[in-house]
Amino acid sequence: MFSVEVRDRIMIAHSLPDPFFGPAQNMHGATFVVDVAFFREQLNRQNVVVDIGAALSVLNATLKPLAYQNLDALPAFRGILTTTEFLCKHIFDAVAAAARSGALGEDGTQLSKIRVTLTETDLARASYEGAVHAR
């Protein structure tokens, strides 16, 4: 399986209002390094997995609505614990939809899977990995 990975970053604010989260129940900021890996069985005729420029553009467009936002105030996240793991899946869903729709070019439609990793600190990160196409 071949892969190519792109990276961006995002700064957000949120709270995690559940006793499970201790001090993170309160409003706090987070800066995430966001890595998205694209996988496919065979390289395309140009011997790449996907165009890196297109992948960077899709990732940037996916993150832009979240950047510098208080996630607690966004209607899409009302009442949701916006954990790092949850945000991985949210970003995965948007990037996978972009791949299926052709936003990554024809190569995006040939992807097998995508993995999204959010690194919160040098000590902690979370990921979500899944198939691009429903089986």
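Predicted model: local features only at pLDDT ≥ 70, side-chain atom pairs only at ≥ 80, totals over all residues.
In soluble globular proteins, nonpolar side chains tend to be buried together.

Helix H2 covers residues 84-101. At 1.5 Å a residue, its 18 residues should span 26 Å, and the end C-alpha atoms are 26 Å apart, so the two values agree. Buried positions in H2 are Thr-84, Leu-87, Cys-88, Ile-91, Phe-92, Val-95, Ala-96, Ala-98 and Ala-99. Viewed down the axis of H2, these residues fall within an arc of 165 degrees and therefore line one face of the helix. An α-helix has 3.6 residues a turn, so residues three or four places apart point the same way. The buried residues of H2 pack against strand S2 (28-40), helix H1 (52-63), strand S4 (113-121) and strand S5 (124-131). Just after H2, Gly-102 has a positive phi of about 95 degrees.

Ring interactions form a separate topic. The structure holds three aromatic pairs. In the pair formed by Phe-20 and Phe-21, the planes stand at 85 degrees, over the 60 degrees needed, so the pair is edge-to-face. Phe-20 is exposed, because its relative accessible area of 70% is over the 50% limit.

| Residues | Arrangement | Distance |
|---|---|---|
| Phe-20 and Phe-21 | edge-to-face pair | 5.0 Å between ring centres |
| Lys-89 and Tyr-128 | Lys-89 over the face of Tyr-128 | 5.3 Å from the ring centre |
| Lys-113 and Phe-39 | charged end of Lys-113 over the ring of Phe-39 | 4.8 Å from the ring centre |

Glu-41 lies in the loop between S2 and H1. Its relative accessibility is 46%, between the 20% and 50% limits, so Glu-41 counts as partly exposed. Glu-41 and Met-1 are 40 residues apart in sequence, while their C-alpha atoms are 4.7 Å apart in space. Leaving aside neighbours within four places in sequence, Glu-41 is in contact with Met-1, Phe-2 and Ser-112.

Definitions and conventions:
Residues numbered from 1 in each chain as written. Heavy atoms only, no water. Helix = DSSP H or I, 4+ residues; strand = E, 2+ residues; numbered from the N terminus. Expected span 1.5 Å × (residues − 1). Buried < 20%, exposed > 50% of the residue type's maximum accessible area, 1.4 Å probe, protein only. Arc of directions from axis to C-beta. Contact = heavy atoms within 4.5 Å. Phe/Tyr/Trp six-rings, centres within 6.5 Å; stacked < 30°, edge-to-face > 60°. Lys NZ or Arg CZ within 6 Å of the ring centre and 35° of its normal.
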